[in-house]
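This briefing covers one predicted protein model.

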Amino acid sequence: MVVPIPARSRRARREQPSKLFSLEEPPPLEAPAGITEITGWNLAAAMWRDHLPEQLLGIDCASCKQAWPCDTWKIADDLLTECCEAAGGAPAAAR
């Protein structure tokens, strides 16, 4: 008997932002040791840092003006988390 598995998007899989990084401790711009997707990490880390909440109230993205966390930040956070999971956990800089 074959049981169908419904397709899920990245967003459905991980609704909450990862706990690996925070506004106080953002991801490093360069991929840490152990990360195999170096270009993906570098792009995602730059997007993560570019789409932080604005400084006054912190409810909108300073870059795209969407409600924070904005879609771009969520995608970047997901990519960084997936890079860490593929490497076997949080990189040394994120611990």
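Contact here means heavy atoms within 4.5 Å. Helices (H or I, at least four residues) are DSSP runs numbered from the N terminus. The model is predicted, with local features needing pLDDT of at least 70 and side-chain atom pairs counting only at pLDDT 80 or more, while totals for chains, interfaces and linings use all residues. Residues are numbered from 1 along each chain as its sequence is written, and side-chain values use heavy atoms, with hydrogens and water left out.

**Confidence**
- The chain averages a pLDDT (the predictor's confidence in each residue, from 0 to 100) of 83, and 75% of the residues score at least 70.
- Over residues 7-14 pLDDT stays under 50, and the model has 13 contacts beyond four places in sequence for them.

**Helix 2**
- Trp-41, Ala-44, Ala-45 and Trp-48 of helix 2 are buried (under 20% relative accessible area; exposed is over 50%, partly exposed in between; 1.4 Å probe, protein chains only).
- Helix 3 is included in what covers the buried residues of helix 2.

**Nonpolar core**
- A nonpolar core is a set of buried Ala, Val, Leu, Ile, Met, Phe, Trp, Tyr and Cys residues joined through side-chain atoms within 4.5 Å.
- The largest one has 13 residues, of which Phe-21, Trp-41, Trp-48 and Leu-80 touch the most other members.
- Helix 3 (71-86) and helix 2 each supply at least two residues of this core, and helix 3 gives the largest share, five residues.
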